[in-house]
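Here is a friendly walk through one model, stopping at a few residues, pairs and packed elements. Have the sequence and the 3D view open as you read.

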Amino acid sequence: AMPGQAPPGAPAHARLAPRRFLVLYFDDLDMSDSDVIDARDAADHYLATNLQADERVALFTSSAMLSDFTVDLKQIHDALFRLHPHPHASSHADCPSISDYQASEISGENNPNLSDAWKTALDEAVNRCHMPKVTDVTTPPSKQASGDPPAPSGAAPETVAVVRNLARSILAQSEMQARTSLQGLEQVVNMVARAPGQRSIILVSPGFLSQSEQYHLDRIIDRALRSQVVINSLDPRGLALLMREADVTSGYMPSANSGAVGAQHTVDTNREMVAGDVLAEVAEGTGGEFFHNNNDLTAGFRALAGSQGSYILAFAPTDVKTDGKFHALKVTLAEKHKGVSVQARRGYFATKEGTVAEEPPHLETRPLTSPAI
């Protein structure tokens with residue numbers, strides 16, 4: 001059987017010509033164990049009760065194909081239970097615990113007296129990790145590095161240097177992970193673009209920092225637009241709780257008198273906003289939807305993958321120059337209705353004069369390969 005087709009011996013209802021192709025792309029580089037379990041169980045439940053005979057589903061991670069396009073529920077179930085966090089994913093087990101966003105802020109800010117990211121990291125370094133304070137240092141002030149004045153937490157210059165180096169390492173790791181995640185997504189877009197009928201992708205991810213990969217992200221969105229592939233996003237964490245300041249497992253509490261409690265909350269809140277930008281951007285840019293801040297992940301898969309209540313609208317533009325350029329579109333309801341929204345892609349690319357439209361080749365998939373991280 002061709003990829004995406006049911007085998008000859010399958011029941012008659014499973015041999016229907018596929019009409020819709022759906023890829024679930026799991027960002028295993030950024031998902032925690034609990035993220036994986038929650039997303040896996042929700043996807044398994046949704047597909048087991050909603051997959052139609054003329055639909056085909058494929059499962060991918062940032063580094064591998066878990067399942068080719070299939071309608072076989074057992075194959076899908078078995079593939080989902082092979083899903084695990086990537087072994088090279090950041091564990092953030094260092095002390096102090098610095099997030100990717102915090103590392104980015106620290107790497108771009110040299111004054112530990114002013115930055116909330118610095119204030120939080122140095123307070124934890126001194127009070128949880130027991131790194132040197134100013135009072136612990138025997139080096140005369142005249143011999144200390146002039147560019148790093150003592151922080152409000154009382155961290156010694158060598159502690160400041162350790163935190164800075166750790167932040168740079170975490171930032172480099174974060175940028176590599178973002179690049180790898182987007183490379184995997186780009187390969188999935190290129191693959192599913194070959195399929196006939198309706199094509200969509202659900203990016204399952206808690207989000208990640210994508211500023212260093214903005215050109216790559218734009219290229220993926222443009223490719224999806226040209227191929228009429230919709231990318232939806234689903235945050236598997238549901239209602240994310242910013243509870244790091246009450247981490248009872250470590251026994252560490254930020255110092256109230258240093259202002260680290262408020263600084264930490266600000267840093268963590270900003271991180272959630274920035275990390276979610278990539279999920280919102282890829283969905284909005286391709287006419288998809290971003291499902292987040294909701295613990296009912298099965299409902300999320302239903303909202304993003306379901307086809308009930310959807311319509312395909314088309315129009316024939318006039319006086320369009322055949323220059324291959326992007327043309328923006330805005331779809332609105334003629335009359336406003338409560339509880340009704342429009343989901344549409346942001347535009348299209350005009351066919352360039354002299355080019356021949358590609359004939360879709362037979363559908364084929366290849367395992368994704370991940371660069372060393």
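## Ser233 in strand E5

Ser233 belongs to strand E5, which covers residues 230-234. The model is a predicted one, and in it Ser233 has a relative accessibility of 0%, so this serine counts as buried.

What does Ser233 touch, once residues up to four places away in sequence are set aside? Its partners are Leu203, Leu279, Val282, Ala283, Glu289, Phe290, Phe291 and Leu304.

## An aromatic pair

The count of aromatic pairs comes to one. The two rings are those of Phe21 and Phe69, with centres 5.1 Å apart and planes at 85 degrees; because angles over 60 degrees count as edge-to-face, that is the class of this pair. Phe21 sits in strand E1 (residues 20-26) and Phe69 in strand E3 (residues 65-70), so the pair ties together parts that are 48 residues apart in sequence.

Are these two phenylalanines buried or exposed? Phe21 is buried, with a relative accessible area of 2%, and Phe69 is buried too, at 3%.

## The disulfide

Searching the whole structure turns up one disulfide. It joins Cys95 to Cys129, with an S to S distance of 1.9 Å. The link of Cys95 and Cys129 is left-handed, with -95 degrees about the S-S bond.

Ser174 has a relative accessible area of 10% and is buried. Beyond residues up to four places away in sequence, Ser174 touches Asp100 and Leu209.

Arg179 is found in helix H5 as well. Its relative accessible area is 29%, which makes Arg179 partly exposed. Leaving aside neighbours within four places in sequence, Arg179 is in contact with Glu213 and His216. Arg179 and Leu209 are 30 residues apart along the chain, and 9.9 Å separates their C-alpha atoms.

## Helix H3 against helix H7

Two packed helices are described by the angle between their axes and the distance between the axes. H3 and helix H7 (residues 260-286) pack at about 105 degrees, and their axes are 8 Å apart. Because 65 to 115 degrees counts as roughly perpendicular, H3 and H7 are placed in that class.

Sorted by class, the contact of H3 with H7 has three nonpolar, two polar and two charged residues.

Methods:
Residues are numbered from 1 along each chain as its sequence is written. This is a predicted model: local features need pLDDT of at least 70, side-chain atom pairs count only at pLDDT 80 or more; totals for chains, interfaces and linings use all residues. Side-chain values use heavy atoms; hydrogens and water are left out. A disulfide is a pair of cysteine sulfur atoms within 2.5 Å. Helices (H or I, at least four residues) and strands (E, at least two) are DSSP runs, numbered from the N terminus. Buried means under 20% relative accessible area, exposed over 50%, partly exposed in between (1.4 Å probe, protein chains only). Contact means heavy atoms within 4.5 Å. Rings of Phe, Tyr and Trp (its six-membered ring) pair if their centres lie within 6.5 Å; planes under 30 degrees apart count as stacked, over 60 as edge-to-face and the rest as tilted. Axes are lines fitted to C-alpha atoms, for helices over the stretch in contact, and angles run from 0 to 180 degrees between N-to-C directions. Angles under 35 degrees count as roughly parallel, over 145 as roughly antiparallel, 65 to 115 as roughly perpendicular and the rest as oblique. Ala, Val, Leu, Ile, Met, Phe, Trp, Tyr, Cys and Pro count as nonpolar, Asp, Glu, Lys and Arg as charged, and the others, Gly among them, as polar.
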